[in-house]
Amino acid sequence: MSFLTSSRSSLFIIALSSLLTACGGGDSSAPSPQTPNSSVTTPGDNNTPEETPEQKFWVEGYAVKGAVNGGLISIWHHETDAMTSTMDSNWVKIGDTVRTNENGGFRISVPEAYSAEPLKVILQSDTETLMRCDAQPSCKTPSGVSISFGEWFWPGNNLELKSLVVPSNANEGVVLTPLVTLAFEKFLKSSDHSVSRFTELLRDQEEHFGLGAGALLKKPMDLAAADLSSIQAQDLKTALLNIAFLSLVDGQEWQTLGDVLGAAKEVSEPNGDLPLSAGENLDLSVELLTVAAIVQADLLWDVLKGAGVKDAVMDNTLASLEQTLGSTMPTAPPAPEPVPDPTPEPAPEPMPEPEPAPEPEPTPEPEPTPEPTPEPEPTPEPEPAPTPEPQPEPTPEPITGYATMSWSAPATRVNGESLAMGEIDRYIVKYGTEQNVEDRTNEVTVEDGQAMEYQVAGLTEGTWYFAMKTVDTNGLESDWSVSASKTISR
């Protein structure tokens, strides 16, 4: 399995992987797995209610992030308001509300009067809603309890997944996922309220994350399913990007999947697009979600192989995710074309000055008697010019630089026991130009055990190597970490 060699991407993946590992793990207080409710209206059920003259159209679809069971599905009609050009408000609920089944499927009726109009389909969670954990190493409940992969848990009351449908044109099922929801939020800001505009925004979202055309319209894959032998690389990449949202629930900044989606809506640019780059603060962005998807691919590798996913599919998926990650890196703007110097205008030729009138010739005076010519003095021999002393070559100024190290605090000890932040006393950093950590002579202690960043200054020209170890409050030291390096040059 290959990963990017870019230093920013590699450190980014390592930092996020450490964060996700610290968020996971077993929990002795974890509740017993909850059982999904299968008595809901779903696509393909034979016991759906009879159609009535007022309900002649049916909308079917799936809500998967992993599979959402018992989610409330409702249909909404938009009432046009001449005072506003967007669709943020004036939605009116029509028809009944149904719940999704344990596969995330649903089937809901729509009155014939609305069959040709674009309608909002929304999934909302309540106390009866469950979600299957499809992230590794575990999923966090709103109360901070860790749930194992494949188990069901309550996602909180603030989960909303949205999409758009025209019942009379609904040849394919409605898809409710985080990526489709973000495209719908962008649609709400648009002045064009047509279905074709929503389809166009879905395609923009696919290009944003490096997905093929139509990837967000296909039935989403539940990676907690037992058999994934038929999954293709494009479907696996879409599923991993949707899982990335759930994997960011850390119980600190974001308590639920709904919190992550809300944050994505807040940081979206005025046109509704997520920022490409995460920046120095690792903000929610295409870059952060893609890195989280790569980390999940690594953590789920054995699980996916056990479910029948082929090695070639995994390799192609990782290559595509890495390509998407590379597209989020900032590029230098092109140099401006030089502005040509203006062609100078020729100076006007000067007007000829009039010739002066000739002066009268003076009367010649008599020539004086010439004095005798003096004897010439001998010319002294010239002294040789002194040889100039060579100028000393200027001594080049020494080059100095610095390196800023950042890390995530370890969550476990070497023996697998948990390690709380309060148990960390300090860090020891060892650095030098020697590749072998034991040969390095420079050592500094970071006294603040809560610190996650440190800057080493005064580095001369060359390649410097850095490694660090953790010391707990009992004085126990970890092994040296893997070395990182930075080159100082002119």
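1. A cavity is a set of points, on a 1 Å grid over the protein atoms alone, where a 1.4 Å probe fits but cannot get out. Its volume is the space filled by probe spheres set on the points, with grid points joined across faces, edges and corners. By that rule, the largest cavity here has a volume of about 160 Å³. The structure holds 5 cavities of 30 Å³ or more.

2. A word on the source. This is a predicted model: local features need pLDDT of at least 70, side-chain atom pairs count only at pLDDT 80 or more, and totals for chains, interfaces and linings use all residues. Residues are numbered from 1 along each chain as its sequence is written, and side-chain values use heavy atoms, with hydrogens and water left out.

3. What lines the largest cavity? The lining has 17 residues, those with an atom within 4 Å of a point. Pro 220, Met 221, Thr 238, Ala 239 and Asn 242 lie nearest the centre. By class, 8 are nonpolar, 4 polar and 5 charged. Here Ala, Val, Leu, Ile, Met, Phe, Trp, Tyr, Cys and Pro count as nonpolar, Asp, Glu, Lys and Arg as charged, and the others, Gly among them, as polar.

4. Which helix gives the largest share of that lining? Helix H4 does, with 6 residues. Helices are DSSP runs of H or I with at least four residues, and strands are runs of E with at least two, numbered from the N terminus. H4 covers residues 233-247.

5. Now the sheets. Two strands pair if DSSP finds at least two bridges between them. One open, antiparallel sheet has 4 strands in the order E4-E3-E6-E11. Its edge strands, E4 (91-99) and E11 (160-165), each pair on one side only. Inside it, E3 (residues 72-78) and E6 (residues 119-124) pair antiparallel over 5 bridges. Leu 72 has Gln 124 in E6 as its bridge partner.

6. Another open sheet of 4 strands runs E15-E14-E17-E18, again with antiparallel pairing. The edges are E15 (442-446) and E18 (484-488), each pairing on one side only. E17 (residues 462-472) is joined to E18 by 5 bridges. Gly 462 stands opposite Ile 488 in E18.

Key:
The expected span of a helix is 1.5 Å times one less than its number of residues. On a 1 Å grid over the protein atoms alone, a cavity is a set of points where a 1.4 Å probe fits but cannot get out, and a pocket is an open set with protein on both sides within 12 Å along at least five of seven lines; lining residues have an atom within 4 Å of a point.
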